[in-house]
Amino acid sequence: MNENTLANHNDYVLNESGFGSHNAIVEWVRPGSRILDVGCASGYLMTLLHDTKGCDPSGIEPHPRYAAEARATGFPITESAGAEGLRLVADDRGFDHVVYADVLEHMGDPLPVLRATREVLAPGGTVLISLPNIVSLKARLKLLRGVWEYEDTGIFDRTHLRFFTVKSAHAFVKEAGFEVARAVYVGPLTYRGGRRWRHINRLRPGLLANQIVLEARPTA
């Protein structure tokens with residue numbers, strides 16, 4: 001699933017070629033678990049998790065059009081954004097996984113949002129996060145040529161408000177009160193060659209990965 005092929009920032013869809021961030025997230029979700037998909041767009045990931053892993057999903061989506069589309073899937077949808085959305089579902093505490101799939105980089109201040117996630121996790125629950133890597137090979141080559149042009153999708157998505165490296169992504173998760181339980185780094189090699197290239201990406205994730213995918217658990 002190559003997130004570089006997404007149509008635009010509000011029309012995120014699944015792309016099932018190769019191995020991308022959605023593949024990693026789906027692999028880490030426990031069958032039959034309760035899921036909260038923050039920034040769920042049309043509900044495509046919730047639908048996949050329900051249909052393939054028997055999950056019980058709910059979503060948070062700030063955009064009225066996409067919230068309506070997600071609601072049409074039949075799953076509970078809270079039309080809100082960020083920490084406010086988490087407060088609205090706080091009484092429904094007990095999610096096994098909270099998913100931020102290409103979402104946090106679109107927030108001006110994602111740290112309090114990630115911190116607030118602790119309040120809706122069930123004991124033993126985890127947060128599944130994918131973030132773009134601004135120092136990937138593609139980004140470095142563009143900057144080396146003196147080019148900074150926003151695009152409709154990918155690392156240079158014009159709606160990105162925050163930028164991450166592998167190091168800063170791990171630090172961000174730690175500052176929010178979580179510890180990284182596992183990480184996978186996806187990029188052109190895995191998009192084209194599949195999961196067998198994950199180990200190559202891990203050798204130089206800062207260079208080879210377009211996206212950083214993390215599973216995190218609350219610290220004590």
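Contact here means heavy atoms within 4.5 Å. The structure is a predicted model. By that criterion, and leaving aside neighbours within four places in sequence, C40 is in contact with M46, G59, I60, E61, A70 and I77. C40 lies in the loop between β1 and α2 (44–53). The residue is buried, because its relative accessible area of 2% falls under the 20% limit. The C-alpha atoms of C40 and K142 are separated by 30 Å. Along the chain, these two residues are 102 residues apart.

The nonpolar interior was examined next. In soluble globular proteins, nonpolar side chains tend to be buried together. The largest nonpolar core holds 33 residues. Within this core, L36, Y100 and L114 touch the most other members. Several strands give two or more residues to the core: β1 (34–38), β4 (95–101), β5 (121–132), β6 (178–186) and β7 (211–218). The helices that do so are α4 (82–88), α5 (111–116) and α7. The contacts of L36, not counting residues up to four places away in sequence, include S58, G59 and I60. L36 also touches L86, V89, F95, H97, V98, V99 and V120. G59 and I60 are likewise among the contacts of C40. A second, separate core has 20 residues. Among its members are A24, V26, L45 and V186.

Aromatic pairing was then considered. The structure holds 3 aromatic pairs. In one of them, the ring centres of W148 and Y150 are 5.8 Å apart. Their planes meet at 85 degrees, so the pair is edge-to-face. W148 and Y150 are both partly exposed: W148 has a relative accessible area of 38%, and Y150 has a relative accessibility of 38%. W148 also pairs with F163, with ring centres 5.7 Å apart. This pair is edge-to-face too, because its planes lie at 70 degrees, over the 60-degree limit. Both W148 and F163 lie in the loop between α6 (137–144) and α7 (166–175). The pair therefore ties together parts that are 15 residues apart in sequence. F163 is partly exposed, at 30% relative accessibility. Ring pairs link W148, Y150 and F163 into a cluster.

Two arginines are placed over phenylalanine rings. The charged end of R118 sits over the ring of F178, 6.0 Å from its centre. R198 lies over the face of F19, at 5.2 Å from the ring centre.

Conventions. Residues numbered from 1 in each chain as written. Predicted model: local features only at pLDDT ≥ 70, side-chain atom pairs only at ≥ 80, totals over all residues. Heavy atoms only, no water. Phe/Tyr/Trp six-rings, centres within 6.5 Å; stacked < 30°, edge-to-face > 60°. Buried < 20%, exposed > 50% of the residue type's maximum accessible area, 1.4 Å probe, protein only. Helix = DSSP H or I, 4+ residues; strand = E, 2+ residues; numbered from the N terminus. Lys NZ or Arg CZ within 6 Å of the ring centre and 35° of its normal. Core = buried A, V, L, I, M, F, W, Y, C linked by side-chain atoms within 4.5 Å.
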